Amino acid sequence: MADPSPVPPRTPHEEAIAAIWREILDRVDIGVEDDFFDLNGSSLQAIEMVARIRETWGVDIRARDFFARPTVAALAAAVAAAASSEGSVVTRRPPDAEPVLSFDQQRLWLEHQLRPGAAYHVHERRHLVGVLDVDALQASIRAIVARHEALRTRFPTVDGQPIQVVDDPDERWRITVRDLSGDGEDRAEAAQRLADEHAAAPFDLARGPLFRCLLIRLDDTEHVLSVTAHHIICDSWSIGLFIQEFVALYRAGGDPDRAGLPELPVQYRDYAVWQRKWLAGQAVQAQVEHWRQHLDGAPPALALPAVGRPSPFDGVGQRILAGLSEEETNALRQLCVAYGVTPFMALLAALATVLSRWSGQPDVVIGVPITGRTHVGTEKLIGFFVNTLPLRISLAGEPTFAELVGQVRQAALASYANADVPLDLLVQELQVARDPGRTPLFQVLLNVIDTPQVEQISGLSVSAMDAPAQPSKVDLTLTARESRGALRLEYEFNARRYQPAMMRHLVEQVGGLLRAALRDATRPVLDYPPRPGAAGQSAADLAASGVRGPGERVGIGAGDRVAVLSGLAGDVTPALAAVGVAIAAQDLVVADDVGALVKSVQSGDATVLYATPPVLRAVLADAQPAQLRSLRYVFVDNRGGLLSSDVEALRGVAPACRCVGVYRAGDGRPLATYLVPQDWQPQTAPLRVPLGTVLDTAPVRLVHPSGDLAAVGEVAEIRVGDQPTGHLGRRWADGTLEYAGTVDGGIDIDTVETLVALREVPGARDAVLTEHTGYIAGPDPQSAAEIRQHLLTRLAHRLVPRHLVVLDRLPLTPDGEYDLSRLPLPAPDGDADDSYVAPRTPLERQLADILRQLLGVDRVGVHDSFFELGGFSLLATRLTSRIREEFNVELSLRDIFQSPTVDRLAQLILRAQGAEELEALLDEIAAGEPDQQ
């Protein structure tokens, strides 16, 4: 009979084959070591199994081989070997082999250079109760480190390239012990703090070691063991292997000979050399082509409701715990059996559905980490074998949940069959454009793991302990693991990008959708009521969240006068009435043009301004810092056009002024208002100022095409009663309404990101964007190349306008909108493309020479981007090495990413050398002698 505790699938091949077994055998409890025939499988079903393998992977498994070893594990190994042909066996490297990193290690090494810290730490801690043999524990860990070269590996650089160096085993190694038994404070709390510090302490990849242990003694029979390694030498599977070997060694008193551990045929360095050779062949190109087709037309970014514009290298992790009960987990298994899928596939379908609702995008790409131990010799090896697959899920056509999990199953199995292409190589092969603000291909991960939980080790009771959330690697990670029969879900997210209150609603909705699907999987996924969080917030909730809605009246009194353009005069009275202010005709200062409007505000004739966003920017452009001190309030007509940067600019010229956004319907009546909080900061605020709190008198609803009301976070059409506005919006956790796009144009986060970057060009007063052209008002005289350089440090290449036009002012219509018909046409492509600016100083010429040699191009201008010219991450490390050699200046890889042009790099070098005055002198000497190479 099958083991009562079946071993779950551990690799993509095992996962896929187990799913087929569940479908054929119509049962849930499939373990990878279970015998097909002990599970009541028949000969006919075995033949069907062989046929399904041939259909899925295109490989032939001989029936007699299946009958000889009828287990999931054996079949998976056979499929992996057949699919990878003769190259599937990892062999020992030649003695003279280069000490290369695997592709997976190379990716992590690069990411560590960009974001050093704890984001890529693998950490586990265990609570040990019982009499602990510290000598045996110490000897056991020392033996594991001696067995596995990866735990003794470090990564210095030679000529800008990282290499692997394996240190000899240290027979003198002793575990660090902290004794808290005599402390008077709360020892459990102190132990937790010590383990947290141990988990977060940074690693030096070049110097090592990259594996460390800490034993915390609480008393004679209670300890905490903390183990931390850098991800570059270890993965989740490795933790399981470490535990298995530790158990065997500890029982043997730490003696490797008595423990009976099998000899390791290869080490990780062998795998790295083998992988480089194997992936250089033609087989990988067919897999790349699969991914090219799979991702063709996929959205480059997920448009979730974000705040600020944090770099992906500056994430701050927070965690939300959720899960399913034992009963619900069992029901999930039954659903999976019914549709021939795995719990992972059901989770992926549910997560993709909620992400699609929140982003308003029918296509969602989610990263799925998988173990790469599909080649003979790697299954018992500690090391980093993780690859991440970008799985694209389409919700077009409103599939049922049953149909969606079927689509997920198909996508997953096809991806597993093409899982050998490392992510970094895939990004390079697909020429994914670099985006300074996001990780490539996906921003959300789903990780389903199974780490063996050891409850008893030779008289010790062992239990896992929770660790704090680490800095986030991507925007959002869902980690699922089963514990004691119940599915546990851990959501880790970048708290600098997403509001915790919003993430709590997302977590509730994923769980709610899963539970609804368990009751009925035949309904369309976009039509699953009830939706958690759809109800409104109470007044107390709003007050606690700091939202200023209609209940907070603005302080406009008898002495205030309101300045407004003549074309907007009719909108003032209803707009002010929306916030409880009545205005008389004599209190209006009506101006015929922007110039007159500016004068009335600057002179102090008006203390309140009513404007559209373009008019507000025109007023602010002509004002000096703190010049508009008499301005107390600005009311801005906001239909998604008021940006956080506008608020910042307003405060620069009118420090005490309050900004109020007014969202109006097509007929002019106000629907919502937003009094911008005084503690508003662009770094922690959304790019757009929200539409605000819906007025009591406005029957505003967010409605899906199905007619269902939208839950918190979901994108839907804004309607006034039954009347559509054509606008898309979403509701925050506190009830605030946010603009998201238009029904016809869809989500337009790309537009607002580009506009913000254009308006942040040094000296720019305003900017507007048409289909292919960015128009900028008033920057100091500079070339389009200089402006493009600024944009490339902030935007993905695809978002940089094809043409850039600099104007003195942007034309406005009488009612205060941009007059696009009066914008000049950009220069023809042939005239605009020659933006080359030759190096102007000896330093710039020297840098241009270095870039030209590294990139293999004919010329490099001072404003040309290293990445636009074909540079990539690993080549950037060689650039830092050349700069170190030539200028004796240490620049980080992150410096290259943030300043990728000759001009910017020269400035960094000068600052590092403290030689601005000398360079200015050299600049004068070289003036008039540009190098036109």
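A search of the whole structure finds eight cavities of 30 Å³ or more, a cavity being a set of points, on a 1 Å grid over the protein atoms alone, where a 1.4 Å probe fits but cannot get out. This is a predicted model, in which local features need pLDDT of at least 70 and side-chain atom pairs count only at pLDDT 80 or more, whereas totals for chains, interfaces and linings use all residues. Residues are numbered from 1 along each chain as its sequence is written, and side-chain values use heavy atoms, with hydrogens and water left out.

The second largest cavity holds about 70 Å³ of space, where a volume is the space filled by probe spheres set on the grid points, which are joined across faces, edges and corners. Its lining, made of residues with an atom within 4 Å of a point, includes Val122, Leu151, Phe211, Cys234 and Ile382. Strand S8 (222–230) and helix H8 (236–251) are the elements that give two or more residues to this lining; helices (H or I, at least four residues) and strands (E, at least two) are DSSP runs numbered from the N terminus. By class, the lining has nine nonpolar, two polar and no charged residues, with Ala, Val, Leu, Ile, Met, Phe, Trp, Tyr, Cys and Pro counted as nonpolar, Asp, Glu, Lys and Arg as charged, and the others, Gly among them, as polar.

Leaving aside neighbours within four places in sequence, Phe211 is in contact (heavy atoms within 4.5 Å) with residues including Ile141, Leu151, Val227 and Phe242.

Val601 lies in helix H19 (residues 594–602) and is buried, with a relative accessible area of 1%. Not counting residues up to four places away in sequence, Val601 touches Ala563, Ala606, Leu609, Leu628, Ser630 and Leu631. The C-alpha atoms of Val601 and Ala623, 22 residues apart along the chain, are separated by 9.8 Å.

For the protein as a whole, buried residues make up 55% of the 933 residues.

Note on methods. 1 Å grid on protein atoms, 1.4 Å probe; cavity = no way out; pocket = protein on both sides within 12 Å on 5 of 7 lines; lining within 4 Å. Buried < 20%, exposed > 50% of the residue type's maximum accessible area, 1.4 Å probe, protein only.
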